[in-house]
Each structure stands twice: as C-alpha cells, then as structure tokens.
Amino acid sequence: MPDDTDTGKKAAAPLSGAARPPVTTTYRDLLLRTPEFTPLFLSSAAGVAAQTVSGLALGTLVFRATDSPLLSALSMFGQALTQVLGATLFLSGADRLPPRRTLTSLSLAFATATALLALPGLPLPALFTVLLLQGLVASLGGGVRWGLLNEILTPARYLAGRSVFNAMNGIMQITGYAVGGALLTLLSPHLCLLLAAALHATAAALTGRLTTRPPRATGRPSVTATWRTNAQLWSSAPRRHVYLALWLPNGLIVGCESLYVSYAPDAAGTLFACAALGMLAGDVTVGRLLPPRRHPRAGIPLLLLLATPYLTFALHPPLPVAAALVAVSSFGFGASLIQQARLMTLTPPQLSGHALGLHSAGMLTLQGVSAALAGTLAQLATPALAMTAMALMSLVFTATLTAVSRRGDEDGGLLPRRAA
C-alpha cells in the first residue's frame, strides 16, 4: 500500500525507539480545536482514497491485459521506483516552497496524470511512463505535507497527530479497496480511474483552506541544496539507523501485498481491505492505547509480527485464512509512529520537511523495489512462494538491524536506551 503517509501505502514500520512524553492530546482536540489540522487531514484523506482506487484499478487493468504478476505489481507500486530520483533532485523544495501552493499543485498534477491513465487503449509503455512521472512528483509531496504537520503541531502532539493520519489512512484504504473492488465488478477500470482523478481534484480544493505560510527554510530549491541536506541527514549514525529501520523490513512486506491481485484475482480488494484494517488497529493501539513507557520494547515484536504470517502463504491457505493472516500481519505497521517521532527528535526543525520527505521517498522506493522483486519471484515460481520468500527476507533484515544496534554505542532509537 504505497502511500506517502504512507501510502503509500502506507507509513513504514520501524524498530522500537525511545519513548516520547505521554500523549494527552485527543483525536477530537486535533480535528476540532487545532487550526489547519482539519483541512490538511481532509485533503490527505481524499488523496489516499484516490491512490487506493487508482492502484487497484491499474493493477486489475494490467493483469487482465497481460496475465503478468510482475507487470501488475509494478503498475500498482512501480511509481515508487522513481522516488529515489526525486529525493536526490527536488527534495530541498520540501522546506523551501510555500506549503499550501505546493500541495495544491501536486494534487492537481496527480488528477491530470490519473485522467491520462484512464484513456482507453493507452499503450503499456505510455502508462508506465505516466506512473514514473507521478513518482517524481510524489517525492516532494511527503516532505511538504509532513513538514507542515510538524509545523502545525507541538513536538508533544506530533505522535498523536501522525496517529490520526495513520488511522485515517487505514480507514480510507479499507473503504477504498472495498468500494474499488465492488466498482470493478460493475464498471471498467477506466471509469474507476476517472473517479480517482476526481478525488485528487477534491484534495486540491481542500488544500485551499490552509493558511498561507512562508517556507520553513531560506534559499531557493536546487539539486545542490538537496544533495547537501541529504548528506547532512545521512551523516548522523542515529538518524541513519532510524531510516534503515523505516525503509527495509516493511518495504519487503509491501512486496507481499503487491502480489494480492495475482494471488487472488477475484478477491484482491478483500485482501487489501483486511491489510488496511490490521494497519488501522496497529496504529490506534500504538498511538492511543499503548502507554508511552512501553514504546521502546514494542517495535521489534511488531516487526516480527509483520513478517511471520506470510511464511504460511507457501501452503496457499484458503481465502478466509489468508485474509485473517494479512490483517494480523499488518498490525505490525503500527510501530511506525514511534520511529517517526524519534526521527523528529533527531532533526533540526528547519530540516523537518526534508527529513520526513527523505523518509517517505526512501520508504516508497523500497516498496517499489520490493514489488519488482516480488513480481519477478512470482513469475519464476508462484505468488504464494514469492510472498513467503519476501517475508523471510524481512525477518533477516529485522534480525540484522537489531544485532547492529546492539553492538553500537548509539542505537539510534532501534532499541531501548541503556540505563545510565
């Protein structure tokens, strides 16, 4: 589920990190009593719904036309492959461009691109070209959006704010995949893509309710500024550990998700909806129910939970069992809240948008790479065996990152801090 909230699919699942101060902010406080939070929330919700409907429609359209698990997976997640290119070229704009104008322009660009994808008879090379261009545009969106959220909320309220967005992401994906799956039985994928384009246009209209704010950082966006800031962020060992934890283990599990269409062509929407339901439950549990003092110990078990259920897919469980396993697995994505908050404690405020954009771009890039890898394995074997292989790789990366953090003097938030 690519998403720059991630997004796409989804916001990424990290290892455990240092606990933040207890969160006393309620969801109602954020939605009803925090200026600018609500329009940012609603515009993001419309964008997630658009991405969900368009992704399922594209995956179905390409699979029907080619019968290829690889091309189907790439049509849903392939745009993420260009995120790394965008992150090396444009990401300095996340803090150097006016947030409202930039978010509006990005939503309009997505509406236009999605309308192009809806054209009947569009050749596959042209379709994938549009998708890759969308990925370049999207590489800037995550940094602008989450940098603005970090500006709107105080540090103590940031985790609660991201929890609301992650919960919304889960709800919209559940709804989008359920409704999208139903629509695909009644309408053509092309009409579903037009609906997604309309949702992107709605997101653009909603961003107009945001306050006009100046950029967070001075200077003009440039490739040089992007490279310099990327190097600065990556030079810190604690931040580097956080980034790797955010990108690698969960990206491989998104590779499993990219095979839902080829695993169960007539029930992919059900599997995606169950995955979103599990992610929603994990986000709410970590963001609102789990006491902050337990956060440091929660990350690693959640990552193990994220990968383990997919080990059984080699046995090709029946659909009801597979749906339940998918929901249990996706609960593990809830650990992302802790690590995202940890990243903000390690980053200067004027670089918050760039840091979060780098996280989002790297996460989505790894998701795209994982979708390509999973699709290739499915072409050579079966989707079920490919899912199991991706889960095994995720477990290996989790174990490796844990071992490295145990050896280092600076754990970067991967493990609980040692007592003084």
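Across the chain of this predicted model, the mean pLDDT is 83, and 90% of the residues reach 70 or more. Two stretches fall below that level of confidence. Over residues 1-23 the pLDDT stays under 50, and the model has 139 contacts beyond four places in sequence for this stretch. The pLDDT is also below 50 over residues 409-420, where the model has 40 contacts beyond near neighbours in sequence.

In soluble globular proteins, nonpolar side chains tend to be buried together. The largest nonpolar core in this model holds 61 residues, and the members that touch the most others are Tyr260 and Tyr310. Helix H2, which spans residues 37-66, gives the most to this core, contributing 8 residues. The surroundings of Tyr260 can be listed in detail. Leaving aside residues up to four places away in sequence, Tyr260 touches Pro265, Ala268, Leu271, Phe272, Ala275, Tyr310, Val326 and Met387.

The model contains 11 aromatic pairs. One of them joins Phe37 and Phe41, whose rings are stacked, with 6.3 Å from centre to centre and 15° between the planes. Both residues belong to helix H2 and are 4 residues apart, about one turn of the helix. Phe37 counts as buried because its relative accessibility is 0%. Phe41 has a relative accessibility of 15% and therefore also counts as buried, the limit being under 20%. Phe37 and Phe41 also belong to one aromatic cluster with Trp146 and Phe165.

A further pair is formed by two tryptophans. The ring centres of Trp234 and Trp247 lie 5.8 Å apart and their planes meet at 5°, so this pair is stacked as well. Trp234 lies in helix H10 (residues 223-235), whereas Trp247 lies in helix H11 (residues 237-257), and the pair therefore ties together parts that are 13 residues apart in sequence. With regard to accessibility, Trp234 is partly exposed because its relative accessible area is 33%, a value between the 20% and 50% limits. Trp247, with a relative accessible area of 12%, is buried.

Note on methods
Residues numbered from 1 in each chain as written. Predicted model: local features only at pLDDT ≥ 70, side-chain atom pairs only at ≥ 80, totals over all residues. Heavy atoms only, no water. Core = buried A, V, L, I, M, F, W, Y, C linked by side-chain atoms within 4.5 Å. Buried < 20%, exposed > 50% of the residue type's maximum accessible area, 1.4 Å probe, protein only. Helix = DSSP H or I, 4+ residues; strand = E, 2+ residues; numbered from the N terminus. Contact = heavy atoms within 4.5 Å. pLDDT = per-residue confidence, 0-100. Phe/Tyr/Trp six-rings, centres within 6.5 Å; stacked < 30°, edge-to-face > 60°.
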